[in-house]
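Visitor: I would like to learn how to read a protein model, one feature after another. Could you take me through it slowly?

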Amino acid sequence: MIIDCHGHYTTAPPALAAWRERQIAGLADPAAPSPPDPRIGDDDLRESVEPNQLRTMDERGIDVTVFSPRASFMAHHVGDFRTSAAWAALCNELCHRVAGLYPGRFAPAAMLPQSPGVDPATCVPELTRCVEEYGAVAVNINPDPSGGHWSAPPLTDRSWYPLYEKLAEYDVPAMIHVSTSVNPAFHTTGAHYLNADTTAFMQLVQGDLFADFPTLKLVIPHGGGSVPYHWGRFRGLAMALGKPPLEEHVLGNVFFDTCVYHQAGIDLLLDVVPARNVLFASEMIGAVRDVDPRTGHHFDDTRRYVEASALPAEQVAAVQEHNARSVYPRLDALLKRQGR
């Protein structure tokens with residue numbers, strides 16, 4: 001089995017984006033009521049995924065995708081907490097419905113109604129709702145709700161602890177994933193995403209979060225940003241900060257995905273990071289959708305890279321399936337209920 005732990009609903013029906021535009025337009029008048037929920041039927045959902053994510057999964061032999069709202073559309077910087085709460089509720093419901101239509105192919109994950117300057121504890125009710133009512137197997141945490149201005153405290157700050165307490169209680173992992181950048185210095189997917197992956201890892205190296213939450217699991221996407229390439233720097237900084245070796249300090253709780261879109265990058269990731277800390281993912285249909293003219297294959301067809309790596313077969317199987325079952329216990333339980 002191949003489990004893709006990083007999928008977003010990037011092909012949601014146009015009615016969703018139209019609703020968001022009306023919501024944002026309404027922010028100019030705080031007294032205006034929220035727009036009515038969009039009319040999105042099951043056929044609309046089917047038409048949005050069958051020729052897109054499902055077709056691609058079938059072509060690439062991917063069995064299951066952990067499916068969350070479109071990351072760049074989370075846009076937590078827009079409006080206030082109420083704005084984010086309404087938007088998150090709508091997006092999470094759609095991912096839940098897609099997973100319900102295709103229970104063997106998608107497992108729902110949730111975005112949180114974060115907002116700049118607002119206590120992360122305010123997100124706990126939506127986290128609870130998504131896990132208990134929607135069966136979410138994971139959530140996405142945005143370490144920078146400001147959209148590129150980094151006004152939030154580091155992930156090790158105690159203001160995040162109510163979220164971590166709930167994640168630990170549910171045994172649900174969080175993917176650390178920013179949203180769109182409103183800072184023109186940072187291209188959203190080419191710079192902001194990768195900066196955030198690197199920044200999140202360094203925050204975890206600097207802190208002692210996992211001493212307080214020994215069972216908490218965090219997934220850093222996009223191959224960890226620059227982390228594998230600069231592994232020696234992070235090891236040296238951990239030493240300078242008086243921290244234990246990275247293997248003891250963070251690698252019991254931090255995992256990296258394979259959203260790295262070339263063979264040399266995957267080879268480096270798998271050479272530097274222990275295979276037990278790597279999860280298969282492609283983030284398709286996402287930021288890089290074209291065919292690589294050098295290979296004739298899509299950049300985000302990451303299965304090819306993993307299977308062409310030097311990893312022995314048992315470690316390839318761990319990356320493609322077994323690690324995800326361990327990191328996402330609720331996904332594992334779901335698959336077992338399905339006889340898989």
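Guide: What follows is a conversation about the sheet, the helices and a few single residues of this predicted model.

Visitor: Let us begin with the sheet: in what order do the strands of the open sheet lie, and with what pairing?

Guide: The open sheet has eight strands in the order β1-β2-β3-β4-β5-β6-β7-β8, and the pairing is parallel. The edge strands are β1 (3-9) and β8 (278-279), each of which pairs on one side only.

Visitor: How many bridges join β2 to β3, and which residue stands opposite Val 66?

Guide: Strand β2, residues 64-69, runs parallel to strand β3, residues 106-111, and three bridges join them. Opposite Val 66 stands Ala 107 in β3, while Thr 65 has Phe 106 in β3 as its bridge partner. On the pairing of β1 with β2, there are five bridges in the parallel sense, and the partner of Ile 3 in β2 is Val 64.

Visitor: What should I know about side chains in a strand, and how many residues of β2 are buried?

Guide: The general idea is that in a regular strand the side chains alternate between the two faces of the sheet. In this model, six of the six residues of β2 are buried, so β2 is largely enclosed by the rest of the structure.

Visitor: Now to the helices: how are two packed helices described?

Guide: Two packed helices are described by the angle between their axes and by the distance between the axes. Helix α2 (residues 42-60) and helix α4 (residues 81-101), for instance, pack at an angle of about 80°, with their axes 10 Å apart. Angles of 65 to 115 degrees count as roughly perpendicular, and α2 and α4 are therefore roughly perpendicular to each other.

Visitor: Which residues of α2 and α4 meet?

Guide: From α2 come Asp 42, Leu 45, Arg 46 and Val 49, and these meet Leu 94, Arg 97, Val 98 and Leu 101 in α4. Sorted by class, this contact of α2 with α4 has five nonpolar residues, no polar ones and three charged ones.

Visitor: At what angle do α13 and α14 pack, and how far apart are their axes?

Guide: Helix α13 (residues 313-327) packs with helix α14 (residues 329-337) at about 115°, and their axes are 5 Å apart. These two helices are therefore also described as roughly perpendicular to each other. Arg 325, Ser 326 and Val 327 in α13 meet Pro 329, Asp 332, Leu 335 and Lys 336 in α14, a contact made up of three nonpolar, one polar and three charged residues.

Visitor: Which strands does helix α7 lie across?

Guide: Helix α7, residues 188-206, lies across β5 (174-176), β6 (218-220) and β7 (254-257), and it runs at about 140° to β6.

Visitor: Which elements do the buried residues of α5 pack against?

Guide: In helix α5 (residues 124-134), the buried residues include Val 124, Leu 127 and Tyr 134. The buried residues of α5 pack against α4, β3, β4 (138-141), α6 (161-170) and α14. Just after α5 comes Gly 135, which takes a positive phi of about 70°.

Visitor: What is the general rule for phi and for peptide bonds?

Guide: Most residues other than glycine have a negative phi, and most peptide bonds are trans. Here Asp 171, in the loop between α6 and β5, has a positive phi near 55°, and at 32% relative accessibility it counts as partly exposed. His 222 also has a positive phi, near 55°; it is found in the loop between β6 and α9 and is buried, with a relative accessible area of 7%. As for peptide bonds, a cis bond joins Met 284 and Ile 285, with omega about 5°, and Ile 285 lies in the loop between β8 and β9 (291-292).

Visitor: Is Asp 300 buried or exposed, and with which side chain does its own side chain make a polar contact?

Guide: Asp 300, in the loop between β10 (297-298) and α12 (302-307), is buried, with a relative accessible area of 3%. Its side chain makes a polar contact with the side chain of Arg 60, at 2.9 Å. Leaving aside neighbours within four places in sequence, the residues in contact with Asp 300 include Tyr 261, Ser 282 and Met 284.

Visitor: Is Tyr 229 buried or exposed?

Guide: Tyr 229, in the loop between β6 and α9 (231-240), counts as exposed, at 64% relative accessibility.

Note on methods: Residues are numbered from 1 along each chain as its sequence is written. Side-chain values use heavy atoms; hydrogens and water are left out. Two strands pair if DSSP finds at least two bridges between them. Helices (H or I, at least four residues) and strands (E, at least two) are DSSP runs, numbered from the N terminus. Contact means heavy atoms within 4.5 Å. Axes are lines fitted to C-alpha atoms, for helices over the stretch in contact, and angles run from 0 to 180 degrees between N-to-C directions. Angles under 35 degrees count as roughly parallel, over 145 as roughly antiparallel, 65 to 115 as roughly perpendicular and the rest as oblique. Ala, Val, Leu, Ile, Met, Phe, Trp, Tyr, Cys and Pro count as nonpolar, Asp, Glu, Lys and Arg as charged, and the others, Gly among them, as polar. Buried means under 20% relative accessible area, exposed over 50%, partly exposed in between (1.4 Å probe, protein chains only). A polar contact is a pair of N or O atoms within 3.5 Å; within protein, one must be able to donate a hydrogen and the other to accept it, and residues adjacent in sequence count only if both atoms are side-chain atoms.
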